[in-house]
Amino acid sequence: MRESGGKRHAEIAGAGIGGLTTAAALAQRGWSVTVHERASTLRTFGAGIYIWSNGLRVLKAIGAYDKATVGAHVGPEFHTRDHDDITMEEIPINGPGDARLITILRETLINTLVDVCREAGVEIRTGSEAVGATPEGELLLADGTRCKADLVVGADGINSRVRDSLDLLLYRRDLGYGAIRMLIPRARGDVPHEDENRYIEYFSGSRRILYTPASADDLYVALCCGADDAEALKVPADRALWTQSFPHLANLIVRFGDAGRWDVFEVAKLKRWSKGRVAIVGDAAHAMPPYLGQGGGCALMNGLALAVTVADAADIGNALGEWEARERPLTEHTQDTAENLGSMNTWPDDVRSAVLKIVGKSRELGEVRMRTARHVPTGTEAFPL
Ligand SMILES: Cc1cc2nc3c(=O)[nH]c(=O)nc-3n(C[C@H](O)[C@H](O)[C@H](O)COP(=O)(O)OP(=O)(O)OC[C@H]3O[C@@H](n4cnc5c(N)ncnc54)[C@H](O)[C@@H]3O)c2cc1C
């Protein structure tokens with residue numbers, strides 16, 4: 001199905017990181033692209049996001065890097081701390097030979113991807129809900145419209161209607177743990193001066209607080225706890241309760257605002273990442289818990305790789321098989337490694353502290369954890385950082 005101008009056409013469900021990256025990369029390769037976003041606006045919620053080297057290279061390759069990284073925070077170190085505020089592990093970042101890691105606002109990332117899409121000629125329709133797709137290459141909308149395309153992409157998130165209409169889900173698991181995310185203004189005295197610019201994950205019992213400067217003015221905070229920890233997952237966050245767990249963060253906790261959003265962590269794996277002319281990308285295909293900060297990174301990588309692989313392919317179905325065979329092993333490694341990191345949520349404090357102090361020094365385990373960050377994604381070979 002080519003447009004009258006001879007261009008190939010893609011219909012994409014979802015204007016998140018996965019859908020917008022795929023859309024931009026296809027349009028930059030001469031495709032006409034329409035993105036359908038269910039929400040009435042392209043606004044995202046208030047939180048930060050970690051982007052590692054692999055994701056940064058994708059942003060470079062699609063021309064989004066310069067704008068996305070304006071005002072980004074570049075942390076000098078990433079620490080994990082125990083219940084007594086003692087560093088268990090220091091993950092090397094941003095030094096010579098280290099993986100790069102920056103943090104930005106989600107809003108900055110999405111706005112930049114939208115701009116790059118529009119510059120490449122992508123049409124983005126808001127208030128347009130997908131309800132399914134056919135392997136022959138039709139995206140089905142809630143208003144009854146059937147949109148024909150050479151390629152349909154389901155980038156409609158963890159609850160993907162496109163994926164489920166094609167019976168592609170192998171399994172989806174609720175991990176029984178999640179996070180309240182919020183943004184607050186940065187302020188002196190939240191943490192000791194030497195910690196102010198660091199990324200720090202604090203553990204206490206089965207709770208975690210992730211401290212993340214996300215710009216010169218914005219602090220992104222994630223409060224993580226079990227889905228059965230009813231008092232802790234309340235929004236607005238219960239300041240007294242969180243202070244009991246993290247007395248050394250009392251200055252920070254007292255400044256928590258009333259806003260915040262709770263999300264449970266999930267894993268999803270598919271039987272296949274495609275069927276006929278339909279590909280599934282992002283959380284719809286490979287949701288993972290955020291312990292490696294790579295869910296968005298994988299959506300960026302797989303979206304670009306999808307566009308690179310199908311761009312000039314004679315047979316879309318074969319190209320989608322090739323794409324999955326090449327990209328899926330690293331994505332599953334990332335999912336599995338992230339899920340394993342969640343197991344320490346339930347360890348007693350002293351055990352966690354002792355284990356992490358030893359494990360943190362293991363070069364092999366460091367390599368396993370950093371494999372995704374150090375990967376050179378398909379389509380980014382000419383875009384070093
Ligand atoms: C607490 C937490 C922290 C995280 N931190 C990081 C991090 O630091 N770094 C990182 O890389 N990743 C992180 N992630 C993961 C990352 O947020 C996701 O992997 C990423 O947002 C997935 O993007 P996506 O485009 O696949 O899906 P989504 O972001 O879910 O986007 C899907 C889009 O599709 C739209 N949509 C849904 N249904 C339909 C429909 N039927 N029709 C049309 N549109 C539809 C939605 O409105 C949405 O705009 C984190 C996740 C969590 C839960």
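Q: Okay, so buried means under 20% relative accessible area, exposed means over 50%, and partly exposed is in between. Buried, exposed or partly exposed: which is Asn94?
A: Asn94 is partly exposed, because its relative accessible area is 24%. Keep in mind that this is a predicted model.

Q: Got it. And where is Asn94 in the chain?
A: Asn94 is in the loop between strand 5 and strand 6. Its phi is positive, about 60°, although Asn94 is not a glycine.

Q: What about Asp85, then? What's its phi?
A: Asp85 has a phi near 65°, again a positive value in a residue other than glycine. You'll find Asp85 in the loop between strand 4 (78-81) and strand 5 (87-91).

Q: Buried, exposed or partly exposed for Asp85?
A: Asp85 counts as partly exposed, since its relative accessibility is 24%.

Q: Which backbone atom lies 2.7 Å from a polar atom of the Thr103 side chain?
A: That's the backbone oxygen of Pro213.

Q: Switching to helices. How much of helix 2 is buried?
A: Helix 2 is mostly covered, with eight of its nine residues buried. The buried ones are Ser53, Asn54, Gly55, Leu56, Arg57, Val58, Leu59 and Ala61.

Q: And which residue with a positive phi follows helix 2?
A: Gly63 does, and its phi is near 75°.

Q: How do helix 2 and helix 9 cross?
A: The axes of helix 2 (residues 53-61) and helix 9 (residues 295-310) come within 8 Å and cross at roughly 40°. Helix 2 is therefore oblique to helix 9. The crossing of the two is left-handed.

Q: Which residues make that contact?
A: From helix 2, Asn54, Gly55, Val58, Leu59 and Ala61 take part, and from helix 9, Gly297, Leu300, Met301 and Leu304.

Q: How many of those are nonpolar, polar or charged?
A: In the contact of helix 2 with helix 9, six are nonpolar, three are polar and none is charged.

Q: New topic: Leu249. Where is it?
A: Leu249 lies in the loop between helix 6 (239-245) and helix 7 (250-253).

Q: How far apart are Leu249 and Thr112?
A: They are 137 residues apart in sequence and 33 Å apart in space, going from C-alpha to C-alpha.

Q: Last one. What kind of peptide bond joins Val235 and Pro236?
A: A cis peptide bond joins them, with omega about 0°. Most peptide bonds are trans.

Q: And where is Pro236 found?
A: Pro236 is in the loop between strand 15 (218-226) and helix 6.

Terms used
Residues are numbered from 1 along each chain as its sequence is written. This is a predicted model: local features need pLDDT of at least 70, side-chain atom pairs count only at pLDDT 80 or more; totals for chains, interfaces and linings use all residues. Side-chain values use heavy atoms; hydrogens and water are left out. A polar contact is a pair of N or O atoms within 3.5 Å; within protein, one must be able to donate a hydrogen and the other to accept it, and residues adjacent in sequence count only if both atoms are side-chain atoms. Axes are lines fitted to C-alpha atoms, for helices over the stretch in contact, and angles run from 0 to 180 degrees between N-to-C directions. Helices (H or I, at least four residues) and strands (E, at least two) are DSSP runs, numbered from the N terminus. Angles under 35 degrees count as roughly parallel, over 145 as roughly antiparallel, 65 to 115 as roughly perpendicular and the rest as oblique. A crossing is left-handed if the near helix is turned anticlockwise from the far one by less than a right angle, and right-handed if clockwise. Contact means heavy atoms within 4.5 Å. Ala, Val, Leu, Ile, Met, Phe, Trp, Tyr, Cys and Pro count as nonpolar, Asp, Glu, Lys and Arg as charged, and the others, Gly among them, as polar. Buried means under 20% relative accessible area, exposed over 50%, partly exposed in between (1.4 Å probe, protein chains only).
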